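Biologist: I would like a close look at one part of this model, with the whole chain as background. Please take it step by step.

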Amino acid sequence: MNLPRRVEPEWLDELPQADPRAVWSRRDLKRINRWMLQARIMTRLLIAALDGRTPRTLVELGAGDGTFMLALARRLAPRWRDVKVTLVDRQDIVTEHTRRAFGDLGWQVETISADIFDFLRGATPGCTDMVLANLFLHHFERDSLARLLGGAARLADAFAACEPWRAGSGLIGSRLLWAIGCNDVTRHDALASVRAGFSGRELSELWPNDEDWRLQEGPALPFTHCFLARRAGGIAS
Ligand SMILES: C[S@@+](CC[C@H](N)C(=O)[O-])C[C@H]1O[C@@H](n2cnc3c(N)ncnc32)[C@H](O)[C@@H]1O
């Protein structure tokens, strides 16, 4: 199926943070992440990217309420100790409960409330071991996305993303979300996300090609499109 990519506004981005429909939809998002196996898929990418090394720092772009990164921390804390994570999002919605949960795992957490382009402009090149994004890149049109990826490539020697796979399976899955109690906001945004998702080598084509990067891109069943970029020579330590 060859679906043209279409980016449209998502309702959750426009609702006030405390609106009950937004609160419900953020809860749905956690379930959707579980159904899509996003934490499992991203964990695999992070381990592959770091090639047996333990990172000191990770930066997540568009981290939302931080619970996706927490799910990763729960999987990775047994092998990666003392990691500091920086969660960047224009909404300030990481709860005390989530912050404490990182602490309980021995990880530190810092949150930055900023538009992603302001953050990337201000960040020091090479400031982290790895950058990641989950269900975030699909918010952006091609030109903005190329700028975003260029900014991310300056921050670290490795970058991983798990995004919606723009394919029939995602469209069908999104249309069935009512069956697990997802609200109207989630159902709208899930369909919009699949249409704005990725296929083929669309992210590789936008990744800066002025460095010696090794790129991997493709679907991960059932609903995910993965992208991994590693600078040849690996993480600077
Ligand atoms: C679908 S949510 C994903 C959140 C998280 N990564 C997860 O998987 O639970 C997308 C997030 O991107 C954030 N976002 C969208 N556009 C942004 C921008 N220009 N700058 C910073 N954050 C942005 C939204 O606030 C939202 O929290």
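What does the accessible surface of the protein chain come to, and what percentage of it belongs to carbon and sulfur atoms? After that, please turn to Thr-128 in the loop between α6 and β4.

Modeller: This is a predicted model. The accessible surface of the protein chain comes to about 11,400 Å², and carbon and sulfur atoms hold 52% of that area. The chain contains 10 helices and 7 strands. Its C-alpha trace spans about 45 × 40 × 30 Å along the principal axes. The radius of gyration is 17 Å, which agrees with a compact globule, because a globule of 237 residues would have a value near 18 Å. Of the 237 residues, 52% are buried. Among contacts with a separation of 6 or more, 79% are between residues 24 or more positions apart. As for charge, there are 32 positive and 30 negative side chains, and the centres of these two sets lie 5 Å apart.

Now the part requested. Thr-128 sits in the loop that runs between α6 (116-122) and β4 (130-134). Its relative accessibility is 6%, so Thr-128 counts as buried, the cut-off being under 20%. The side chain of Thr-128 makes a polar contact of 2.9 Å with the side chain of Thr-57. With neighbours within four places in sequence set aside, Thr-128 is in contact with Thr-57, Leu-58, Val-59, Leu-155 and Ala-156.

Leu-61 and Val-131 are 70 residues apart in sequence, yet their C-alpha atoms are 7.3 Å apart in space. Beyond four places in sequence, the contacts of Leu-61 include Val-131, Leu-132 and Ala-133. Also among them are Ile-116, Phe-119 and Leu-120, as well as Leu-148 and Ala-152.

Leu-135 counts as buried because its relative accessibility is 15%. Not counting residues up to four places away in sequence, Leu-135 touches Leu-29, Asn-33, Met-36, Gln-38, Cys-162, Glu-163 and Pro-164. Leu-135 and His-225 are separated by 90 residues in sequence and by 9.8 Å in space, C-alpha to C-alpha.

Technical notes. Residues numbered from 1 in each chain as written. Predicted model: local features only at pLDDT ≥ 70, side-chain atom pairs only at ≥ 80, totals over all residues. Heavy atoms only, no water. Helix = DSSP H or I, 4+ residues; strand = E, 2+ residues; numbered from the N terminus. Buried < 20%, exposed > 50% of the residue type's maximum accessible area, 1.4 Å probe, protein only. Polar contact = N/O pair within 3.5 Å; in protein donor to acceptor, adjacent residues only side chain to side chain. Contact = heavy atoms within 4.5 Å. Rg over C-alpha atoms; globule rule 2.2 N^0.38 Å. Areas by Shrake-Rupley, 256 points an atom, 1.4 Å probe, with all protein chains shown as cover. Lys, Arg positive; Asp, Glu negative; His and termini not counted. Charge placed at Lys NZ, Arg CZ, Asp CG, Glu CD.
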